[in-house]
Amino acid sequence: MTKATELARAASDRDPHVGLRAVAALRRLLERLEVVQVDNARRQGWSWQEIADQLGVSRQAVHRKHGGR
């Protein structure tokens, strides 16, 4: 079982200590994955609008979050 699968399972645990800790870990993992994929898309020449469309956010939001790197 992968770490992400373990975290997803723990996120639905009835114990809030376990569930919330898993949610926080999943949030950190998703943030790291988003950075990797945004960087990948930019290296391949994607526009901020194309990236925003895939993430379901505005172009301004994705540029504000990732444009300074």
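Student: What should I know about the model before I start?

Tutor: This is a predicted model, where local features need pLDDT of at least 70, side-chain atom pairs count only at pLDDT 80 or more, and totals for chains, interfaces and linings use all residues. Residues are numbered from 1 along each chain as its sequence is written, and side-chain values use heavy atoms, leaving out hydrogens and water.

Student: What is the mean pLDDT of the protein?

Tutor: pLDDT is the predictor's confidence in each residue, from 0 to 100. Where pLDDT is low, the predicted coordinates should not be read in detail. Here the mean is 95, and 99% of the residues reach 70 or more. Confidence is lowest in helix α1 (residues 3-11), with a mean of 92, and highest in α3, at 98.

Student: Let's take α3, then. Which of its residues are buried?

Tutor: Two terms to set up. Helices are DSSP runs (H or I, at least four residues), numbered from the N terminus. Buried means under 20% relative accessible area, with a 1.4 Å probe and protein chains only. In α3 (residues 48-55), Trp48, Ile51 and Ala52 are buried. They sit on the same side of α3 because they cover an arc of only 100 degrees around the axis, taking directions from the helix axis to the C-beta atoms.

Student: What do those buried residues pack against?

Tutor: They pack against α2 (16-43) and α4 (59-66), where contact means heavy atoms within 4.5 Å. Ile51, for instance, touches Val38, Ala41, Arg42, Trp46 and Val62, not counting residues up to four places away in sequence.

Student: How many residues are in the largest nonpolar core?

Tutor: In soluble globular proteins, nonpolar side chains tend to be buried together. A nonpolar core is a set of buried Ala, Val, Leu, Ile, Met, Phe, Trp, Tyr and Cys residues joined through side-chain atoms within 4.5 Å. The largest one here has 6 residues: Val38, Ala41, Trp48, Ile51, Ala52 and Val62. The largest share, 3 residues, comes from α3.

Student: And what sits over the ring of tryptophan 48?

Tutor: A charge sits over a ring if NZ of Lys or CZ of Arg is within 6 Å of the ring centre and within 35 degrees of the ring normal. The charged end of arginine 42 does this, 4.1 Å from the centre of the tryptophan 48 ring.

Student: Is histidine 66 buried or exposed?

Tutor: Histidine 66, in helix α4, counts as buried because its relative accessibility is 4%. Leaving aside neighbours within four places in sequence, histidine 66 is in contact with Glu34, Val35, Val38 and Trp48.

How values were computed. Buried means under 20% relative accessible area, exposed over 50%, partly exposed in between (1.4 Å probe, protein chains only). Helices (H or I, at least four residues) and strands (E, at least two) are DSSP runs, numbered from the N terminus.
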